[in-house]
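I opened the model today to look up a few things. My notes follow in the order I worked.

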Amino acid sequence: MENTALAGIASQVRRDIVRMVSAVNSGHPGGSLGCTDFLTYLYFEQMQHNAADFQMDGKNEDLFFLSNGHISPVWYSVLARAGYFPAAELSTFRKLGARLQGHPSTDKNLPGIRMASGSLGQGLSVGLGAAQIKKLNQDSTLVYTLHGDGELQEGQIWEAAMYAAANKVDNIIATIDANGRQIDGDVDEVLSLGDLHQKWVSFGWEVLHMDGHDFDSIRSTMQQAKAMTGKGKPVVIIMKTEMGQGVDYMMGSHKWHGVAPNAEQLQVALDQLAETLGDY
Amino acid sequence: MEFEVFGNKDTRSGFGEGLAVLGEQNPDVVALCADLTGSLKMDAFQKAHPERFFQAGIAEANMIGLAAGMTIGGKIPFTGTFANFSTGRVYDQIRQSVAYSKKNVKICASHAGLTLGEDGATHQVLEDIGMMRMLPNMTVIVPADFNQTKQATIAIAAHEGPVYLRFGRPVMPIFVKPDAEFVIGKADVLTEGTDVTIIACGHMVWKSIEALKELHAIGISAELINMHTIKPLDAAAILKSVGKTGCVVTAEEHMMNGGLGEAVSQVLSRQYPVPQEYVAVNDTFGESGTPMELMTKYHIDTPDVVAAVKRAIARKSIII
């Protein structure tokens, strides 16, 4: 897909995100906007997947697990725009009875979601389990996961990281949303991750880096990551992003992690984001 | 009332044998263990099906997540570790990735309760039934002996949804017939009686069988129910029996808070209030000792069942 086409989809997804969270005055716009380009690329170019006929068992298609479930707005928008469910349903986000729960769940059978997430640190383990069964089933498709950088403070992530290398789970590509922010402030101030690159290297992973807002960087890195699968080591990508990317007043701080824009702020945001596919 | 005894074994060995049978019968069954393969008796499965056995190491949270993920490709994962590490240590992982996500994971937990023995209170979980029965979508099973644990292990593979299967370490008499059918949610009425209903699970079923002899000697006719499934609870069996006897004793190797007794009292208080007495550990941690010493000290032994029966029957005559 052309970069301009991807950018057009991403712009619409960003509009969806700010409109969704503003409508219910809750939700997490910051990380959602930061991961928009990545998830747009993943669903519209990288993954083999079947939006029209969602199957829980995901046999013979690539799987994606969102470990940092609070950025559900971006995932819901990308799933809807990719055809998993009607975009009109985005208007039900966080409302009573909706399939679009505050954090992703399988509880109400929303197509595209295979595991609840929200309580952090669990998605890498889940992805590894799914990846090992793909091997057992002789299914050559891949498993993708996404994690926040703050989420890496959870111990379970490192249990999973150790397990993956020890068991040569080489059909998984994990991505870290390295925006450097978390609820209480900068990750370095709250609880520094230290040398993240070396941590993953020492845990036995192949480590790549990319710019999460440059489709050329995303494409070449994701292609490289895919080429590295099947060679005995799990692959992780440390993706540099900006929390709040695309909305100027949300960028450069952690303050918009979990705060929704009011009507006035929403209009300012929408003025910066072109409507490309039609608002829901 | 004589019970035929088919030898003496530990319930964990029943799990191991059941898992080995499943390994042969069902290619979708996979097993995970957190560095306790020998203790859980999972060696036979591991040896016969190494490609379907996953060693998680001492990392139980990851093990539960792996198991949840493994259901997605259509497998039926059985996780094995001690009951303490199967529940309290990984409660949030079970809650989100298994119970809420309705994943077909079988959480198999050995060394439950005081009868773990000498290792002491750090390992003697007495809250696990409570934790697991609070979770929506979770089925909770506490089989009574070796044969029943083997039968339950095989049965839960055919049940779609999360299951907590609790068993233990001590060698105890086997009284469930080797060819008995295990039906999830259907209580086994072991003896019929008219004076009191004893509802027990796990090792306390045998302790209650022992109590029957003494009760019979003093002229008390007790109906003994093996309530192997705590959730969903067989309320119909409870009400049918209590309608006849008018009082209840519950017996479990678990904290009084949250366990079988509470589950039973929830049924009775709403539908048929009668006196109920509890044989359970009362809001205290355990300690080191032999399994049988501990059952005596913490009042979950045969004489405690007898005493509770006497109390329950005495309360029947009090008109409120």
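**Sheet in chain A.** I began with an open sheet of five strands in chain A, ordered E1-E2-E3-E7-E6 with parallel pairing. Strands here are DSSP E runs of at least two residues, helices are H or I runs of at least four, and both are numbered from the N terminus. Two strands count as paired if DSSP finds at least two bridges between them. At the edges I found strand E1 (63-66) and strand E6 (206-211) of chain A, each pairing on one side only. From one strand to the next, the twist averages 20°.

This is a predicted model, where local features need pLDDT of at least 70 and side-chain atom pairs count only at pLDDT 80 or more, while totals for chains, interfaces and linings use all residues. Residues are numbered from 1 along each chain as its sequence is written, and chains are lettered from A and ligands numbered from 1 in the order in which they are written.

**One strand pair.** I then checked strand E2 (residues 143-148) and strand E3 (residues 172-178) of chain A, which pair in the parallel sense over six bridges. A:Tyr144 stands opposite A:Ile173 in E3(A).

**Helix on the sheet.** H5(A) lies across E1, E2 and E3 of chain A and runs at about 175° to E2(A). Axes are lines fitted to C-alpha atoms, for helices over the stretch in contact, with angles from 0 to 180 degrees between N-to-C directions.

**Chain A against chain B.** How many residues of each chain are in contact? I noted 28 residues of chain A and 24 residues of chain B. Contact means C-beta atoms, placed from the backbone, within 7 Å. Helix H5 (123-136) and helix H6 (155-166) of chain A each supply at least two residues of the side of chain A that touches chain B. H5(A) gives the most to that side, with 10 residues.

**Domains of chain B.** The assignment gives domain 1 (8-173) and domain 2 (188-313); such bounds come from an automatic or database domain assignment. Their centres, taken over C-alpha atoms, are 25 Å apart. The contact takes 28 residues from domain 1 of chain B and 30 residues from domain 2 of chain B.

Definitions and conventions. Contact = placed C-beta atoms within 7 Å.
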